[in-house]
Amino acid sequence: IASAPPTRTYPLRLLAFAHELGYGGAQLFLAEVLRLLRANLGAECVIVSFADGPLRQLLESLGVAVQIIHGDRGQDPILYEGKMLELAAWAAPQGFNAVLVNTVYPFMGVDLAQRLNVPAVWLVHESFDLAAWWGMEYEGTRSYMWERMRLAMRGAAAVVFPAERTRQLYLPYASPERLIAAPHGIMLDEIDRYRAGFDRRRLRRELEIAESATVVLCLGTIEPRKGQAALALAFHELAEAFPDAVLALVGETDQEWQAPRNQELRRFICRAQLESRVAMVPLTADPYQWLAIADVFVLASDLESLPRVVLE
């Protein structure tokens, strides 16, 4: 692929990559970064995502153009290079002068940036050794795509992590000076406004939760790594001793690959006769309402970097 001609740094014309547009912490962080780049630098932003989701409407309201592509999750090098050629043919004429890639999954965005001679910043949230992560998501580390990912990691202008401990996991894969730990932030003014206006009793009525209940909240995408199944089992062990307690698992998605796990968790809740005390709730655009009505917050994850929900 021929390199793109040199372009001016400003105005910033940014091509971003995301693995999906659901209400996950990493995706919300990316949306906030794009909002600030639009507001403070007047950046023109286009985002490519491998799956659609509810954040699309928010991004488009911010003036961010959204492109959905359906990448193959296999390791066929011919299919991979075909998708790269397609992306390059689309991106090269548009004058992008920077690329921003969010999470490890869409690493092909960094690969594309290097082929087009455009600097790429990679936001990595996953607290896994890179080879271990690849082994969980794909098969083996002797594939063509694994080598493309390693080249992408070595060639990115900067790889940014939310925690120093996460950064250390990636030291074997790139020059240390290009690996940067930059803890996430949240919008405190937005939270202050919400706290000033919410009515706890009204919210509980709307969510059909008794005022007298002790609400134990786990807020995050329901998936094995985040430990909701273990938390439900622990709640079952303690439920009889705390008859006023209810457990809210807020973070169910409609992604096809998650459906079997969600069904298993629902079956356990049913077998344990906890349907009236354990709620599985879809991911929401308004997580503050659940934090506002909760009495106890639980982070049950096996592995995290710097969870946004803890800060909130």
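Analyst: This is a predicted model. The protein has 13 helices and 11 strands.

User: What makes a run of residues count as a strand here?

Analyst: A strand is a DSSP run of type E with at least two residues. Strand 11 covers 296-297, so it qualifies under that cut-off.

User: How do you know how far to trust the model, by pLDDT?

Analyst: The average pLDDT of the protein is 91, and 94% of the residues score at least 70. One stretch needs care: over residues 4-8 the pLDDT is below 50. That stretch has 4 contacts in the model beyond near neighbours in sequence. Where pLDDT is low, predicted coordinates should not be read in detail.

User: Why does the radius of gyration agree with a compact globule?

Analyst: For 312 residues, a compact globule would have a radius of gyration near 20 Å. The protein has 21 Å, so the two agree. Its C-alpha trace spans about 65 × 45 × 35 Å along the principal axes.

User: What is the strand order in the sheet of 7 strands?

Analyst: The order is 3-2-1-4-5-6-7, the sheet is open and the pairing is parallel.

User: Why do strand 3 and strand 7 stand at the edges?

Analyst: Strand 3 (65-68) and strand 7 (179-181) each have a single partner strand, so one side of each lacks a neighbour in the sheet. From one strand to the next, the twist averages 20 degrees.

User: How do you know that strand 6 and strand 7 pair?

Analyst: Pairing needs at least two bridges. Strand 6 (residues 158-161) and strand 7 have 3 bridges, in the parallel sense. Therefore they pass the cut-off. Valine 159 stands opposite leucine 179 in strand 7.

User: Which helices lie across strand 1?

Analyst: Helix 3 (residues 77-91) lies across strand 1, strand 2 and strand 3, at about 155 degrees to strand 1. Helix 4 (residues 108-115) lies across strand 1, strand 4 and strand 5, at about 165 degrees to strand 4.

User: What describes the packing of helix 5 and helix 6?

Analyst: Helix 5 (residues 130-137) and helix 6 (residues 144-155) pack at about 145 degrees, with axes 12 Å apart. The crossing is right-handed. Leu130, Ala131, Trp133 and Trp134 in helix 5 meet Met145, Trp146, Met149 and Met153 in helix 6.

User: What makes the residues of that contact nonpolar?

Analyst: Leu, Ala, Trp and Met count as nonpolar. The contact of helix 5 with helix 6 has 8 nonpolar residues, no polar and no charged ones.

User: What is the order of the sheet of 4 strands, and which are its edge strands?

Analyst: That open sheet runs 10-9-8-11, with parallel pairing. Strand 10 (278-282) and strand 11 are the edge strands, since each pairs on one side only.

User: How do you know that strand 8 and strand 9 pair?

Analyst: Strand 8 (residues 214-219) and strand 9 (residues 245-252) pair in the parallel sense over 6 bridges. The cut-off is at least two, so the pair meets it. Valine 216 has leucine 247 in strand 9 as its bridge partner.

User: Which helices touch strand 9 and strand 10?

Analyst: Helix 10 (residues 228-238) lies across strand 8, strand 9 and strand 10, at about 170 degrees to strand 9. Helix 11 (residues 259-271) touches strand 9 and strand 10, and makes about 155 degrees with strand 10.

Terms used. Residues are numbered from 1 along each chain as its sequence is written. This is a predicted model: local features need pLDDT of at least 70, side-chain atom pairs count only at pLDDT 80 or more; totals for chains, interfaces and linings use all residues. Side-chain values use heavy atoms; hydrogens and water are left out. Contact means heavy atoms within 4.5 Å. Axes are lines fitted to C-alpha atoms, for helices over the stretch in contact, and angles run from 0 to 180 degrees between N-to-C directions. pLDDT is the predictor's confidence in each residue, from 0 to 100. A crossing is left-handed if the near helix is turned anticlockwise from the far one by less than a right angle, and right-handed if clockwise. The radius of gyration is taken over C-alpha atoms; the globule rule is 2.2 Å times the number of residues to the power 0.38.
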